[in-house]
Amino acid sequence: MQIDPRGTRFAGALTTLILCAVLITGSSALLAVQTAIFALGAFTSLQYSPYGWLYWIAIQPRLAPPRELEDARPPRFAQGVGFGFGLVGTVGYLAGADWLGLAATAFALAAAFLNAAFGYCLGCEMYLSVRRFRST
């Protein structure tokens, strides 16, 4: 499946805002919601993620067609990595290990910000590295 790469940057921007709010408030509930959003993107389809759906309905129709599409597998893998960090962070907050919640949220925030601001997807790069490693 091919996707519009602008949609992943849009999702990265929304994720950045949510994770900033988590760091400011320490809200395990808000992090749990973001973790569920990561899960939808990773385990179903990026289009079924609320951010993907919002981009597809509200943003993409107002833009010119993308110059190129990208493979959906690397961004889905990145959503899986985000899910892992979100899950660890949520468990950390709920278990009273706020340091763990903060650290996991901060790592996810850094990755989301890089994607939103610069179009650099750490999870996508991890996916490509794993693929290259497996092929050797």
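Predicted model: local features only at pLDDT ≥ 70, side-chain atom pairs only at ≥ 80, totals over all residues.
Local features need pLDDT of at least 70, side-chain atom pairs count only at pLDDT 80 or more, and totals for linings use all residues. Residues are numbered from 1 along each chain as its sequence is written, and side-chain values use heavy atoms, without hydrogens and water.

User: What volume does the largest pocket have?
Analyst: On a 1 Å grid over the protein atoms alone, a pocket is an open set of points where a 1.4 Å probe fits, with protein on both sides within 12 Å along at least five of seven lines. A volume is the space filled by probe spheres set on the points. For the largest pocket this is about 880 Å³.

User: Which residues that line the largest pocket are the closest to its centre?
Analyst: Lining residues have an atom within 4 Å of a point. The largest pocket has 45 of them, and the closest to its centre are Thr8, Pro75, Gln79, Asn115 and Cys121.

User: How many charged residues are in the lining of the second largest pocket?
Analyst: Asp, Glu, Lys and Arg count as charged. This pocket holds about 200 Å³ of space, and its lining includes Asp4, Arg6 and Glu68. Alongside four nonpolar and no polar residues, the number of charged residues is six.

User: Is Trp53 buried or exposed, or in between?
Analyst: Buried means under 20% relative accessible area and exposed over 50%, with partly exposed in between (1.4 Å probe, protein chains only). Trp53 has a relative accessible area of 47%, and is therefore partly exposed.
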